[in-house]
Amino acid sequence: MEKEYYYLKNGMKQGPFTLDALKKEPIDPDTQVYHSEALDFAPARTFPELQSFFAEDRGTTVDESNYNRREPNYNTSASTPSPQTAFEAAGNSASSSTTYNPNMQRPPMPENYLVWAIIVTICCCLPLGIVSIINATKVSSAYAVGDYVGAEKASKDAKKWAIWGAVSGGVFVLLYLLFVVVVAAAGFMDA
């Protein structure tokens, strides 16, 4: 029996369609598609039987489709090469593959330092701790959308603000203790 395909259009389930009928529908790589053997709706690009449709049936290669198109580099000269992302540094290439590979290697998620940020906020320095918490929460969301450089930057910022918060809290405690000792010593001298 042939698979029955469904897709979501404006939140409404459309179908059932055979594979050939589905290819005639206005779907793109990000359209949510479901078939009788799948567990749930997933982007059309994750179905191997549909990948060739996006590359060949439209008369384009995968690199020419909107799916793999990168943001334009404004205010740069044509001779300047684009910077290598962490994703590409891990041995992956967005331009060399002709099909989508959901099992493609991703670099590991950077440490978010959320625990340290919370401890600094509670124990040491509230303003710097809050800045650290905000940056720590940006790490996982940036990583989830594939912004590995942004996740790395947010991780470094979270660590930096947590350290600054701990140091400033420590300096404040030392100055306070020094003040208490000086006031106590002055009190004993007057007595």
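1. Start with Phe 17, which touches Lys 3, Glu 4, Tyr 5, Tyr 7, Leu 22 and Glu 25, leaving out residues up to four places away in sequence (contact means heavy atoms within 4.5 Å). Its place is in strand S2, residues 12–17. Helices (H or I, at least four residues) and strands (E, at least two) are DSSP runs, numbered from the N terminus.

2. A quick word on what you're looking at: this is a predicted model, where local features need pLDDT of at least 70 and side-chain atom pairs count only at pLDDT 80 or more, while totals for chains, interfaces and linings use all residues. Residues are numbered from 1 along each chain as its sequence is written, and side-chain values use heavy atoms, with hydrogens and water left out.

3. Back to Phe 17: buried or exposed? Phe 17 is buried, with a relative accessible area of 17% (buried is under 20%, exposed over 50%, partly exposed in between, using a 1.4 Å probe and protein chains only). Glu 4 sits 13 residues from Phe 17 in sequence, yet their C-alpha atoms are 5.5 Å apart.

4. Now look at helix H5 (residues 126–144) and helix H6 (residues 148–190): their axes come within 8 Å and cross at roughly 160°. Axes are lines fitted to C-alpha atoms, for helices over the stretch in contact, and angles run from 0 to 180 degrees between N-to-C directions. So H5 is roughly antiparallel to H6 (angles over 145 degrees count as roughly antiparallel). H5 passes H6 in a left-handed crossing, meaning that the near helix is turned anticlockwise from the far one by less than a right angle.

5. Which residues make that contact? On H5 they include Leu 128, Val 131 and Tyr 143, and on H6 they include Trp 161, Trp 164 and Ser 168. By class, the contact of H5 with H6 has 13 nonpolar, 6 polar and 2 charged residues. Here Ala, Val, Leu, Ile, Met, Phe, Trp, Tyr, Cys and Pro count as nonpolar, Asp, Glu, Lys and Arg as charged, and the others, Gly among them, as polar.

6. How many disulfides are there? The count comes to 0, a disulfide being a pair of cysteine sulfur atoms within 2.5 Å. For Cys 124, the nearest cysteine sulfur is that of Cys 123, 5.7 Å away; Cys 124 is partly exposed, at 38%. For Cys 125, the nearest is that of Cys 124, 7.8 Å away, and Cys 125 is buried, at 15%.

7. Finally, Cys 123 is found in helix H4, residues 114–123, and is exposed, with a relative accessible area of 58%.

Note on methods
Angles under 35 degrees count as roughly parallel, over 145 as roughly antiparallel, 65 to 115 as roughly perpendicular and the rest as oblique.
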